[in-house]
Amino acid sequence: MSLTAFSTATSLLPQSHFHPLPSCPPLPQRRTAILDILKNPFKSRRRRAILDPSSPDFRKAKNVQKAQQEKQRSQLPKERSLAPGSIFDKTTDPPDDEEMGVIRDPNAMAAALDPTPRARERWQRKMVIREVRRRGRMSRTEKLARTERSHLSKSEFFKTSVKKLFPLANQIAGKPLSEAMVQMRFSKKKAAQDVLRHLEYARDEAIVMRGMGLGKVRAQAGLRKGEREGEKEQEQEQERDQEQKVKEDEERLLVEDKKGKKRVVTDRSAMYVDEAWVGRGPYGVGFDYRARGNVNRLMLPYTSISVVLKEEATRIRQAADRESKRLKKKVWVPLPDRPITAQRQYPLW
């Protein structure tokens with residue numbers, strides 16, 4: 001290989017140990033230089049001037065770019081002022097408790113009701129932005145979530161298997177909460193007591209967090225609110241109790257659940273178990289000691305149960321929807337009135 005051919009081959013390399021470059025400009029400058037070279041491949045002086053950041057042409061181009069950016073910023077519409085205390089004003093956000101040096105007590109009521117205030121504010125801001133984008137329109141699921149209460153509660157892991165806990169979940173699904181608790185109370189299954197404790201916990205949690213199951217309690221509180229002291233107090237109480245019984249009899253409804261079973265509903269705010277399912281948890285370790293010093297390793301399963309509590313108003317609405325859908329369904333005709341085609345001489349069986 002001749003010396004001329006070797007020098008020609010090495011000159012084609014952009015940067016090698018045969019032809020080292022004195023300094024390499026940053027990546028954005030190199031991109032600008034490459035674009036300029038592609039536009040004007042025969043202007044070597046211009047190429048060297050752009051590659052060199054200290055050249056006057058490079059500084060001039062940079063000043064022009066800054067002027068264009070300032071012009072674009074001036075043409076943008078000015079931001080409108082926000083109301084004081086708006087959730088969209090990021091500049092006036094209140095400082096965190098840690099920044100103020102305040103330590104929140106985790107056992108206090110305020111910390112239990114609002115454990116993360118800043119996260120709640122961000123979530124509210126996100127929800128408002130979503131409503132603005134949708135122009136205030138809500139889906140059917142969102143409308144039902146605002147009018148009908150529901151609560152999901154997952155238990156801790158019980159020391160039992162999915163095979164043993166699954167029948168208990170099927171036993172309580174679809175039943176009123178009081179009836180489901182009675183079923184678990186008198187069940188002979190060992191895991192039924194754990195399920196009963198979780199149902200009690202889910203009931204208390206739904207009452208405190210969602211305000212479910214308080215319909216009759218509110219009505220009774222309203223009846224006792226305006227009572228007067230005197231001889232007529234007992235008579236008025238009896239009359240109001242009779243009126244309440246008549247009102248309950250009028251509100252008594254016969255509702256069909258998902259499985260097609262008829263149920264009598266007296267209180268629209270009463271809770272029932274809408275769904276119940278089990279989830280497999282981690283496995284524990286056990287040992288089975290056998291003869292001659294042998295030990296078998298056992299895998300002890302752990303399982304959890306999850307329940308969804310809803311009010312009877314939801315079941316009434318679902319039953320009405322199924323009934324309306326059933327009425328709108330067309331009658332099936334076994335032999336419709338249409339011309340017979342594709343006849344055969346002999347039967348196909």
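In which sense, left-handed or right-handed, does H10 pass H11 in their crossing? In this predicted model, H10 passes H11 in a left-handed crossing. The axes of the helices H10 and H11 come within 8 Å and cross at roughly 155 degrees; because angles over 145 degrees count as roughly antiparallel, H10 and H11 are roughly antiparallel to each other. On the H10 side the contact is made by Leu 177, Ala 180, Met 181, Met 184 and Arg 185, while H11 contributes Ala 192, Gln 193, Val 195, Leu 196, Leu 199, Glu 200 and Arg 203.

**Overall composition and confidence**

The protein chain holds 14 helices and five strands, and 23% of its 349 residues count as buried. Of the contacts in the chain with a separation of 6 or more, 62% are accounted for by residues 24 or more positions apart. The mean pLDDT of the chain is 78, with 68% of the residues reaching 70 or more. Two stretches call for caution, as the table shows.

| Stretch | pLDDT | Contacts in the model |
|---|---|---|
| Residues 5-23 | below 50 | nine, beyond near neighbours in sequence |
| Residues 219-229 | under 50 | 10, beyond four places in sequence |

Where pLDDT is low, the predicted coordinates should not be read in detail.

**The largest nonpolar core**

The largest nonpolar core has 25 residues, of which Leu 165, Ile 172, Met 184, Val 195, Leu 199, Ile 305 and Leu 309 touch the most other members. Two or more residues each are given to this core by helix H9 (162-172), helix H10 (177-185), helix H11 (192-210), strand S4 (271-289) and strand S5 (295-311). H11 gives the most to this core, with six residues. Met 184 of H10 and Val 195 and Leu 199 of H11 also take part in the contact between these two helices.

Ile 305, one of the core residues that touch the most other members, is in contact, leaving aside its neighbours within four places in sequence, with Ser 153, Lys 154, Ser 155, Phe 158, Leu 165, Ala 169, Ile 172, Val 195, His 198, Trp 277 and Val 278.

**Ala 276 in strand S4**

Ala 276 is found in strand S4 and is buried, because its relative accessible area of 15% falls under the cut-off of 20%. Beyond its neighbours within four places in sequence, Ala 276 is in contact with Ala 169, Ile 172, Ala 173, Ser 306 and Val 307. Although Ala 276 and Ala 169 are 107 residues apart in sequence, they are 5.4 Å apart in space, C-alpha to C-alpha. Ala 169 and Ile 172 are likewise listed among the contacts of Ile 305.

Key. Residues are numbered from 1 along each chain as its sequence is written. This is a predicted model: local features need pLDDT of at least 70, side-chain atom pairs count only at pLDDT 80 or more; totals for chains, interfaces and linings use all residues. Side-chain values use heavy atoms; hydrogens and water are left out. pLDDT is the predictor's confidence in each residue, from 0 to 100. Contact means heavy atoms within 4.5 Å. A nonpolar core is a set of buried Ala, Val, Leu, Ile, Met, Phe, Trp, Tyr and Cys residues joined through side-chain atoms within 4.5 Å. Buried means under 20% relative accessible area, exposed over 50%, partly exposed in between (1.4 Å probe, protein chains only). Helices (H or I, at least four residues) and strands (E, at least two) are DSSP runs, numbered from the N terminus. Axes are lines fitted to C-alpha atoms, for helices over the stretch in contact, and angles run from 0 to 180 degrees between N-to-C directions. Angles under 35 degrees count as roughly parallel, over 145 as roughly antiparallel, 65 to 115 as roughly perpendicular and the rest as oblique. A crossing is left-handed if the near helix is turned anticlockwise from the far one by less than a right angle, and right-handed if clockwise.
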